[in-house]
Amino acid sequence: MNEKKQSGTGELRSIIRTRELVKVYKIGKIEIPALKGINLDISDGEFISIMGPSGSGKSTLMNIIGCLDIPTSGEYFLDSVNIGKLNDNELAAIRNKKIGFVFQTFNLLSRSNVFGNVELPLIYTSERVKDRRKRVLEAIEDVGLTTWIRHRPNELSGGQKQRVAIARALVNNPSIILADEPTGNLDSRTGEEIMAIFQRLNRDGKTIILVTHEMEIARHTHRVIYLRDGIIPGEEIINEQISAGEVLRRMPKLEDKLLSY
Amino acid sequence: MKRFLENINIAFRALFLNKMRSFLTMLGIIIGVGAVVAMLSIGTGAQESIISSVQDIGSNLIIITPGNPEEEQQMGPQAMFSAQTSELDNDDLRAIERESTLITKAAPVIFSGSIISYMNKSAQTTVYASSENGKDLYNMDIESGQFYTRSDVSNSANVAVIGQTVIKKLFGKIEPTGKIIKIDGKNFKVIGILEERGTDSFGNDQDDFISVPVTTAQTKLYGLDSYNMILAQSISEKDIDRASEEIRGILRKERGIAMGENDDFQVRNQTQIMDLIGTITGIFTVVIAGIAGISLLVGGIGIMNIMLVSVTERTREIGIRKAIGAKNRDILVQFLVESIVLSITGGIFGIIFAVFISVIISKFTILDTSITVVPIIIALSFSTVVGLFFGIYPAMRAARLNPIDALRYE
Ligand SMILES: Nc1ncnc2c1ncn2[C@@H]1O[C@H](COP(=O)(O)OP(=O)(O)O)[C@@H](O)[C@H]1O
Ligand SMILES: [Mg+2]
C-alpha cells in the first residue's frame, strides 16, 4: 500500500495518459458531446483535482479513467496499457486490480455490513488472496472503523459511510484512487476528515484523482485541472496545499462536540 | 469453488431478506413438487398393497371362470341361454386335476352372501365354499381348530371355519369352536377359526367371511351343480402362462369345443392381473407427470417474474459490483444461483410437505402410502432444472447491464 512506483529514469512516470479523448452520449437521435478532446498526463503518486461546474463532464471523464466506460474516440493509456483495446472482462479485471472508486453517494451495498462491503473487491479478484480476512480488517482499521465492523451502512453517518467506501477502494491495493465529489454529501467538518484521509494516503504513495466543484476542496491537492464544457481550459499548480489536519485542529471546540459522530 | 459458495451465501441472504416474497414465489414449486411426491407415494403405496393383496389370495394362481365376456357382449340376450351350458362343474375340475402337468392343485369356489346366526345374534357375511385345497389356494390359515378335510367335502359335512370379523359379530368373547351356527337357517358346526387377514387395498374387510365344504354349499345351501370359479396353482411363477394354456386346452377338450369355436370359459392368471395393474399405474403416472409439468411450469414462471423484479430492484447493486470488478459472468452466476436456490428450496419444502401429507393420509385413511427415493430425486432435479431454465433470462439481463447506467439508476 505504500511503495512508491518510479520509472527507471528517475523521473515520475505517467500513470494516466489520454490523447484527444472524446465522449459523445446519444439519446435517440440527439448527440450530447460530454468530452471534446481531453489530453491528460497524471504521474504516479500525484494528488490532483478536476474542477468544473455541474455538467462540465467531470463524471464522464472519471468514468473513462476508471474503465467503467469507453471513449467515443481518442486514446487512453493506464499504466501504459491501451484501454481502448480491452474487452468487458479485461476492463472488469483492471477496475478490480488497479482502481479504487469513491463516489459522492457512497454506493455501499445496503444489505452487507462494513466487513462485507470492504471485502467485496476481494471476492472478484482473479488471483488467490491470502489472508483475505486480515486485509479487510487492516483496510477497515486504516479508516478507523474497527468498532463498526458488524454494522450495516444505514447505521452509519455520512462520513463513516464514505470511510467504508475508502476502505473498500483500498483493500485490493490499487494504483489509483478515483473520488467523484467524495465530500459533496458531507458537512464541512466531515468532508475535511475525508480529505485528511486522502492526504495521508497520498503521502503514503497513492495516486489520487478527485473531482470537485469547490475550490476549497481542490486546494487540498497538488494540481487543479479545470474542466468546462468538455474541454480543459487550463490548470493550476497548488504550491501551498491546505492541510486537512491543520483545518481540523483549528475548528471550534463547540462544533467539535455538536458534530461528533 | 469458493466464489460459488459465496454466491450461494449471497443468494440465501437475498432470499432471506424478502422472506414473504421468496416464500410466495416458492409456493408454486412447493405445491407442484409436494403434490407430485405425495400422489406418487399414494400411488406406489396403492400399487404395493394391490399387488400384495393379489398375492394374498395365494401365489401363482390361475382363475377359471365360466362364460366368455367378449362373446356375451357381442351376442347380447342370447348369451343368457347359452350361459347355462357354459357353467363350470365337477367334471371340469376333475379333468384339470387329472390331466394338467403344470399345476400343483386345484379347488372349486362358490361364493354367496348369506345370513348367519348364533343364539339370538345374526349377521350378514360372505360364504366361500371350496374343497380342502381351498385352504392353501385362498390363503386361509387356521388359528385354532382345523380346516374341513377331504372327507368332510365328500360327505357334504355341515362344518364351517369362520373369520375374525364374523367371530366379533356373533360370538364376542365366547369361544366359537364347537358351537353350532345357522347359515341361511341350516345348522353348521364351527370347527376352526381363521387367522386375521386385515383389509385389502380397496378397504374390504378380508375377515368378514365364513367357509364351508363346496359340496355342502351345493346340496344344502344353494341347490347348485356348478361352481362360480375354479382356482388352480401353477408349479412355478415362470410356468404360469404355460399352465394357463394347458388348462385351456384341457377344458376345450373336456367341454367338446370344436376347432374354430370360441372358448365358453375364461382362464386368467395373476401375472395378467399384475400386468393390468401395471397398465393402470402407468396411466396414473402419466397423469401425475402432467400435473407436475404444469405446476413446475407455473412455479418457474413465478420464479422468472420475481427474478426480473429483483434484477430491477438491485440495478444499483449490480452497478456497484461491476464498478468494483465483477465480470458479467459473476453477475450471471449470482442471479442464476439465486433462482436455483429459490427453486431447490421450494422443492425441499415441497418434499417435506409431501411426506407430511402422506403420513397423514396413511394414518387417517385406508390408503397406504409409500415414500420412495426416486420421486424425491426426480422432484429435486426437476426443480433445479426449472430454476436454471427460468433463471437464465433474468440473470442474463442482470449480467448485461452497463455499469454506468446501473450506477446512475435511482
Ligand atoms: N449517460 C448519459 N447519457 C446522456 N447524457 C449524459 C450521460 N451522462 C452524462 N451526460 C451528459 O453529459 C454532460 C456531462 O455530464 P457529467 O459528466 O455527469 O458532468 P459533471 O459530472 O461534471 O456534472 C452533461 O450534459 C450530461 O447531461
Ligand atoms: Mg458529476
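**View 1. Glu143(B) is placed in strand 5 (residues 142-145) of chain B.** The model shown here and in the following views is predicted. Leaving aside residues up to four places away in sequence, Glu143(B) is in contact with Gln164(B), Ile193(B), Leu194(B) and Glu195(B). With one of these residues, Gln164(B), Glu143(B) forms a side-chain to side-chain polar contact of 3.2 Å. Thr372(B) stands 229 residues from Glu143(B) along the chain, and the C-alpha atoms of these two residues are 35 Å apart.

**View 2. A salt bridge joins the side chains of Arg223(A) and Glu46(A).** The N to O distance in this pair is 2.8 Å. Arg223(A) belongs to strand 9 (residues 223-228) of chain A, while Glu46(A) sits in the loop between strand 2 and strand 3 (47-51) of chain A, so the pair ties together parts that are 177 residues apart in sequence. Side chains of opposite charge can pair when their charged atoms come close. Over all chains, the count of salt bridges comes to 29.

**View 3. Ligand 1 is surrounded by residues from chains A and B.** Because both chains contribute residues around ligand 1, the site is shared between chains.

View 4. For Ser59(A), a polar side-chain atom is found 2.7 Å from an oxygen atom of the ligand. Ser56(A) takes part through its backbone, with a polar atom 3.3 Å from an oxygen atom of ligand 1. Ligand 1 taken alone exposes 560 Å², and the protein buries 75% of that area.

**View 5. The contact between the two chains takes 26 residues from chain A and 23 residues from chain B.** About 2200 Å² is buried between chain B and chain A, with carbon and sulfur atoms giving 55% of this area. On the side of chain B, the residues that lose the most area to chain A are Ile324(B), Lys327(B) and Ile404(B), which together account for 26% of what that side buries. Helix 1 (2-17), helix 12 (315-323), helix 13 (328-364) and helix 15 (403-408) of chain B each supply at least two of the residues on the side that touches chain A. This side of chain B is made up of nine nonpolar, three polar and eleven charged residues. How many salt bridges cross the interface of chain B and chain A? The count is zero. Polar contacts, by comparison, link five residue pairs between chain B and chain A, with both residues at pLDDT 80 or more.

Key. Residues are numbered from 1 along each chain as its sequence is written. Chains are lettered from A and ligands numbered from 1 in the order in which they are written. This is a predicted model: local features need pLDDT of at least 70, side-chain atom pairs count only at pLDDT 80 or more; totals for chains, interfaces and linings use all residues. Side-chain values use heavy atoms; hydrogens and water are left out. Contact means heavy atoms within 4.5 Å. Buried area is the accessible area (1.4 Å probe) that two parts lose on being put together, summed over both. A salt bridge is a side-chain nitrogen of Lys or Arg within 4 Å of a carboxyl oxygen of Asp or Glu. A polar contact is a pair of N or O atoms within 3.5 Å; within protein, one must be able to donate a hydrogen and the other to accept it, and residues adjacent in sequence count only if both atoms are side-chain atoms. Helices (H or I, at least four residues) and strands (E, at least two) are DSSP runs, numbered from the N terminus. Ala, Val, Leu, Ile, Met, Phe, Trp, Tyr, Cys and Pro count as nonpolar, Asp, Glu, Lys and Arg as charged, and the others, Gly among them, as polar. A residue is near a molecule or strand if one of its heavy atoms lies within 4 Å of it. Accessible areas come from the Shrake-Rupley method with a 1.4 Å probe; for residues, only the protein chains shown count as cover.
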